[in-house]
Amino acid sequence: GAVTYCELKDARAVGPGVVARAGAGIAFHPGGRVARATLDGPATLAGLALPAGARVAWDDAGAVVGGWLAEPLAVGGLAIRGDFALHPGGAPRIVELAADATVAGHPLPAGATLELRADGSLAAARYVEDEGFMIHGEPWTDTAHVTYDASGRETSHTTEHWQSTARPRKFRR
């Protein structure tokens, strides 16, 4: 009999200085605490200055555990966007780069997904190393999966190759 998700008719305060956006969905944990909401205005949560429109996720104790950003946000010297997750205490755990960056001496492209340790050191990265098209137009990508030790030294590097099995449709006039 408890509401787990709904769309808000009006903006609603969901915490001190935090207002959920009207017309957006809001989700609740079984105990009734807010689980996910879209911010109606800017708010500082877990030490992050989040813009209006950011989606935020909380655990059942009320701590911010992650979210989603439409626009790039500077966090710890990195420009991030899209999905992000936080360690307990608010340090970034998983982020997507919004711009090329060098992390622990490793150049990483925009769009790379990084896993960071609680101390901020790079633990792993996933990014497109190369991409192109086969002779008949089928797209392909090579995605790198790299792990690092706490000093930033690369400990493994594998490449996952993907190739479309279908030719692109021909355009007719």
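User: Which residues line the largest pocket?
Analyst: Val14, Gly15, Pro16, Val18, Arg33, Val34, Leu45, Trp58 and Gly62. A pocket here is an open set of 1 Å grid points over the protein atoms alone, with protein on both sides within 12 Å along at least five of seven lines, and a lining residue has an atom within 4 Å of a point. Keep in mind that this is a predicted model: local features need pLDDT of at least 70, side-chain atom pairs count only at pLDDT 80 or more, and totals for chains, interfaces and linings use all residues. Residues are numbered from 1 along each chain as its sequence is written, and side-chain values use heavy atoms, with hydrogens and water left out.

User: How does that lining split by class?
Analyst: Six residues are nonpolar, two are polar and one is charged. Ala, Val, Leu, Ile, Met, Phe, Trp, Tyr, Cys and Pro count as nonpolar, Asp, Glu, Lys and Arg as charged, and the others, Gly among them, as polar.

User: Val34 is in that lining. What stands opposite valine 34?
Analyst: Phenylalanine 28 does. Valine 34 sits in β5. Strand β4 (residues 25-28) pairs with strand β5 (residues 34-38) over three bridges, in the antiparallel sense. Strands are DSSP E runs of at least two residues, numbered from the N terminus. They pair if DSSP finds at least two bridges between them.

User: Zoom out. What order do the strands of the open sheet take?
Analyst: The order is β1-β4-β5-β8-β9-β10-β11-β14-β15-β16-β17. That makes 11 strands, with antiparallel pairing.

User: Which strands are at the edges?
Analyst: β1 (5-7) and β17 (154-163). Each of these pairs on one side only.

User: Take threonine 158. Which strand is it in?
Analyst: Threonine 158 belongs to β17. Its contacts are Thr143, Ala144 and His145, leaving aside neighbours within four places in sequence. Contact means heavy atoms within 4.5 Å.

User: Why is threonine 158 classed as partly exposed?
Analyst: Because its relative accessible area is 46%. Under 20% is buried, over 50% is exposed, and partly exposed lies in between (1.4 Å probe, protein chains only).

User: How many Å separate threonine 158 from cysteine 6, C-alpha to C-alpha?
Analyst: They are 42 Å apart. Along the chain, the separation is 152 residues.

User: What is the bridge partner of glutamate 96 in β14?
Analyst: Threonine 113. Three bridges join β11 to β14, again antiparallel.

User: And on to β15. How many bridges does β14 make with it?
Analyst: Four, in the antiparallel sense. Leucine 116 stands opposite leucine 122 in β15. Five residues lie between the strands of this hairpin, and glycine 120 has a positive phi near 90°.

User: Where does serine 121 lie?
Analyst: In the loop between β14 (113-116) and β15 (122-133). Serine 121 touches Glu115, Leu116 and Ala150, not counting residues up to four places away in sequence.

User: Is serine 121 buried or exposed?
Analyst: Buried, because its relative accessibility is 15%. From arginine 33, serine 121 is 32 Å away, C-alpha to C-alpha, and 88 residues in sequence. Arg33 is one of the pocket-lining residues.

User: What about β15 with β16?
Analyst: β15 and strand β16 (residues 139-148) pair antiparallel over nine bridges. Phenylalanine 133 is opposite proline 139 in β16. This hairpin also has five residues between its strands, and glycine 137 in the turn has a positive phi of about 100°.

Definitions and conventions
1 Å grid on protein atoms, 1.4 Å probe; cavity = no way out; pocket = protein on both sides within 12 Å on 5 of 7 lines; lining within 4 Å.
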